[in-house]
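I am opening a notebook page on this structure. My entries follow in the order in which I looked things up.

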Amino acid sequence: MARQAKATELAGKLLEGSELALARLISLIENDSASMSDVLPIIQHSLGRAHCIGFTGPPGAGKSSLVNHVTRLLREKGKRVGIIAVDPSSPFSGGALLGDRIRMQAHSLDPGVFIRSMATRDSYGGLSRATGHVIKLMDAFGMDYVLVETVGVGQVELDVMNTTDTVVVILVPEGGDSVQLMKAGLMEIGDIFVVNKSDRPGAEEIALQLQVILQMNARYAQNTPPILLTQSIDGLGVDKLVDALRDHRKGLNGAVLEARRKERRKKEFEETLAAVLIREWRRLLEADPGIREKLALVLEGSTDPYSVIEEMFPGGIIRQNQE
Amino acid sequence: MNFRIRVLLAKIGMDGHDRGARVVAGALREAGMEVIYTGPWQTVDQVTKAALQEDVDVIGISSLSYDHVLVPGLIENLRRHGADDILVIVGGIIPDDDVRMLEEAGVARVFHPGTKMSEIVEFISRAVSDRRKKAI
Ligand code: B12
Ligand SMILES: Nc1nc2c(ncn2[C@@H]2O[C@H](COP(=O)(O)OP(=O)(O)OP(=O)(O)O)[C@@H](O)[C@H]2O)c(=O)[nH]1
Ligand SMILES: [Mg+2]
C-alpha cells in the first residue's frame, strides 16, 4: 500500500519534470519491478516519443566514448538525452563496478542530460531486466533520445535487439578474423555498424570483411546497413553516425516502427505474464504443504520438472474461464 | 525484491591519488554493493548531480591531499537538493582536527589509512539498513 502510494506520487512528479523523482522511480522499479504496475497507467499516454538507440559491442570497443560524442552532437541540436549505461554484476557477490560514467563527464553538469548506471543483476542478456522500464520512464520524462549502452558482449547477449528502436553494433580492428565475425550473433542485430578505433591499423579491412558478411545475410537482403568508421577518442566520424541514426529513424516511420514496437510489447507482455505466474506460484507454495512435498522431489533430483507440473496442474496452468 | 546498496565513490579537487579509492571500490563490489566510480578531479557540483541521478545510498569521498575540506560544501549542496538522506563517508589522509570538523558538518565516519575493508563494509551495511528502517 505504502509502496503503491509512493510509486504513484513519484510518477506524477516525473511527469512534472522532477529529476529526483525520475532517479528514485528508477531505483523503485529496479528493486521491485511489480511497482511498474502502479506507474504504467499514469505514464502510458506520454510514451513513444523518444528515439531509443542501443549501443552494443565487445568489452572496451568504445561504446561509452561513442555515446559521449553522440550525446554532444545531439545536445548541439538542443535535444534532451537520457543515457542508460549497463555494466555486469558479479555472479558471485552480486556487486558491480559501474564505470561507464567516467567517459561521459563532459555532460555531467548539463541539465539536458540524465545519466543512469545500471548493473545487470540477475540477467544475462547484456542488459538489466529493468532496462525496458527505465527507457519508458526516461521517455515519459520527456527525453528526445534514450541511449542504451549494453555490457561488453560476446556472441549471445542480444537483449538490446528487442529493447530499442535502432541498434548500433560497435566493432574494433582487433576484433578477430572473418570466421569469428560470421559466428557472432551480433552480426544479425545491427541496424548500423561502426568500426571504432579506426586510428588503428586494420580498420578498413575489417569494414570490408564486414560488408561481405552482411551481404550474405538474409536479414540484410533488401539493403545492407551502413558501415561507418569512427574514432571516439576525438569524435572523428561520429557526425556521420548521427546522420545514420536520423536516417534509420526516418526509415522506421509508420508501419515498420509500429511492427517493431508491437514485437517488443509482445515480449514485454510475455515477460510480465511469466513474472505474475511465478509470483502466484510462490504464494501457492507458501500456502500448500502438498505442493511443497511435490517440489521437494524435483529439488532432490528424483523427478523431472515436467512430470511434477503435469501432476500438479493436470489441465494446464492457465485455464480459460468455462462460463 | 532485489535490493542492492548503491555507492558513489568519488574524488574531488586536484588530488590524483586514486589507488585507495580503487581498492575500496573493489572491496565494496566483492561485498555485493553496486559501486559507481567517477574517478578523480570531480567538482562538488558534479558529485552532487551524479549522486542524485544515480540515486545512491552512500557517497564515499577519498582524499589524500586536503581536498576533504570541500566535503562540508558537498553536504550543504545535497541538502539544498533535497538529498540529505544520502550517507556521506570520507577516507584517506585526514588530520585529527579536520575529522571533528567533518563530523560536525554531517560526515557519518572518517576512515584512515590501514583501515580493514571488512570494517568499511560493515559500517556501510549497518548504517544503510538503519536508515532504511527509519525511512519506512
Ligand atoms: C602512492 C603515492 C603516490 C602515487 C599515487 C598513485 C595513484 N594513482 O594513486 C604517486 C607517485 C603518483 C603520488 C604522487 C604525489 N603524491 Co603521493 N603518495 C603516495 C603514497 C606513498 C601512498 C598512497 C597509497 O596509494 N596508499 C595505498 C592506499 C590503498 O591507501 P589509501 O589511499 O590511504 O586508502 C586507504 C584508506 O585511507 C582508506 N580510504 C581511502 N579512500 C577512501 C574512501 C572511502 C570512501 C573509504 C571508506 C575509505 C578510504 O581505505 C584505504 C584502504 O585502507 C602516500 C603516502 C602514504 N603513506 O599514504 C603519498 C602521499 C599521499 N603523496 C603525497 C604527495 C604530496 C604527492 C605529490 C603532490 C607529490 C609528491 N610529493 O610525490 C604527488 C601528487 C599526485 C596528484 N596528482 O595528486 C603526500 C600528501 C601529503 C598531504 N596529505 O598533504 C603523501 C601523504 C606522502 C607524504 N607523506 O608526503 N603519490
Ligand atoms: N585508439 C583509440 N582508442 C579508443 C577509441 N575509442 C575509445 N578508445 C579507448 O578504448 C578504451 C575503452 O573505451 P570505452 O568507451 O570505455 O569502451 P566501452 O566499450 O564502453 O567499454 P566497456 O563498457 O568496459 O565494455 C578507453 O581507454 C578509450 O579511451 C578510438 O577511437 N581509438
Ligand atoms: Mg562502457
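Predicted model: local features only at pLDDT ≥ 70, side-chain atom pairs only at ≥ 80, totals over all residues.

I picked L273(A), which has its place in helix α9 of chain A. Is L273(A) buried, partly exposed or exposed? Its relative accessibility is 35%, so I put it down as partly exposed, since that class lies between under 20% for buried and over 50% for exposed.

I noted a polar side-chain atom of S232(A) 2.7 Å from a nitrogen atom of the ligand. For D100(A), a polar side-chain atom is 3.0 Å from an oxygen atom of ligand 2. G62(A) takes part through its backbone, with a polar atom there 2.9 Å from a ligand oxygen. Ligand 2 on its own has 660 Å² of accessible area, and the protein covers 78% of that.

I listed α4 (63-76) and β5 (145-152) of chain A as the elements that give two or more residues to it. The largest share, three residues, is from α4(A). How many residues surround ligand 2? There are 18, and the closest are K63(A), S64(A), S65(A), R103(A) and S232(A). Sorted by class, I wrote down eight polar, seven charged and three nonpolar residues.

Note on methods
Residues numbered from 1 in each chain as written. Chains lettered and ligands numbered in written order. Heavy atoms only, no water. Near = heavy atom within 4 Å. Polar contact = N/O pair within 3.5 Å; in protein donor to acceptor, adjacent residues only side chain to side chain. Areas by Shrake-Rupley, 256 points an atom, 1.4 Å probe, with all protein chains shown as cover. Helix = DSSP H or I, 4+ residues; strand = E, 2+ residues; numbered from the N terminus. Nonpolar A, V, L, I, M, F, W, Y, C, P; charged D, E, K, R; others polar. Buried < 20%, exposed > 50% of the residue type's maximum accessible area, 1.4 Å probe, protein only.
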